[in-house]
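Hello,

Here is the structure I promised to pass on to you. Please open it beside this email and follow along as you read.

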Amino acid sequence: MIVDDEMLILAGLAALIRATPGFEVVAEAASAEQAVAEAARVRPDVVLMDIRMPGTSGIVATERIIAAGAPDPPKVLILTTFDLDEYVYAALRAGAAGFLFKETSPERLLAAVATVATGDMLFASNVMRRLVDAYTVSRRGQLMASGADLAALTSRELEVLRLVATGLSNADIARWLGVSDATVKTHLNRTMAKLGLSSRAQAVVVAYESGLVTPHSPGTLSMER
């Protein structure tokens, strides 16, 4: 599903995706309210969401779409023209799977849709690091409530959460820990259930806001695809 209040962008994205084998546009929406209603009607796999729209924002729409789609909500990929935007950080906290700039090439956009559809995160180059630096560090004393629940996690669940926050995929984590991809997925699913999270991006935010991972830790935030 594609959501954008600019008709030319909406039409262009729809035409691109319809022309690509293996992809299907199941709905289009020009407002957040319409997006929420359409998502409930068609239950898309992926939502391309404009973050800034008149009236209700893409952040609120993301929250509502993910909440209504539980336990298997759509993957929301945020489209933005801003490379450092607190709205983007808020969208990640709302459960978005990642974001791209609107000037992204068609090939990269299609690859991004395929990436988030599999459950992986997708972030534009260096943006997540800058967002964490700008917003997480400044809010060190204002942790998410779920951050206090890290004590409920096992040592292996904490390790998986830490590795997820560095930007590693399930396959990368499995190789690092010497376990199967399915084992990593099980640990991550249990972690997210205990913390009341609905996306990997929210898990990353919790890891940073709780202090489990720090923005300048070696090897962190290597999320670029």
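**What I found**

The protein chain has ten helices and six strands. Please keep in mind that this is a predicted model. Of the 225 residues in the protein chain, 50% are buried. If you take the contacts with a separation of 6 or more, 67% of them are between residues 24 or more positions apart. The chain exposes about 10,100 Å², and carbon and sulfur atoms supply 54% of that area.

Now for the pockets. Rolling a probe the size of a water molecule over the atoms shows where empty space is left.

**The largest pocket**

The largest pocket holds about 590 Å³ of space. Its lining is made up of 27 residues, and Lys-75, Gly-119, Asn-189, Met-192 and Ser-198 are the ones that lie nearest the centre. Helix H3 (58-69), strand S4 (75-80), helix H9 (181-195) and helix H10 (200-209) are the elements that give two or more residues to this lining. Which element gives the largest share of the lining? That is H9, with five residues. By residue type, the lining of the largest pocket divides into 15 nonpolar, seven polar and five charged residues.

**The second largest pocket**

About 290 Å³ of space lies in the second largest pocket. It is lined by 17 residues, and those closest to its centre are Phe-23, Glu-24, Asp-45, Val-46 and Val-113. Here the elements that give two or more residues are strand S3 (46-50) and helix H5 (106-117). The lining of the second largest pocket has 13 nonpolar residues, one polar residue and three charged residues.

**One residue to look up**

Is Val-179 buried, exposed or partly exposed? Its relative accessibility is 27%, so Val-179 counts as partly exposed; buried would mean under 20%, and exposed over 50%. Which residues does Val-179 touch, leaving aside its neighbours within four places in sequence? Val-179 is in contact with Arg-156, Ala-174 and Val-184.

Enjoy exploring, and write back with any questions.

Best wishes

How values were computed: Residues numbered from 1 in each chain as written. Predicted model: local features only at pLDDT ≥ 70, side-chain atom pairs only at ≥ 80, totals over all residues. Heavy atoms only, no water. 1 Å grid on protein atoms, 1.4 Å probe; cavity = no way out; pocket = protein on both sides within 12 Å on 5 of 7 lines; lining within 4 Å. Points joined across faces, edges and corners; volume = space filled by probe spheres on them. Helix = DSSP H or I, 4+ residues; strand = E, 2+ residues; numbered from the N terminus. Nonpolar A, V, L, I, M, F, W, Y, C, P; charged D, E, K, R; others polar. Buried < 20%, exposed > 50% of the residue type's maximum accessible area, 1.4 Å probe, protein only. Contact = heavy atoms within 4.5 Å. Areas by Shrake-Rupley, 256 points an atom, 1.4 Å probe, with all protein chains shown as cover.
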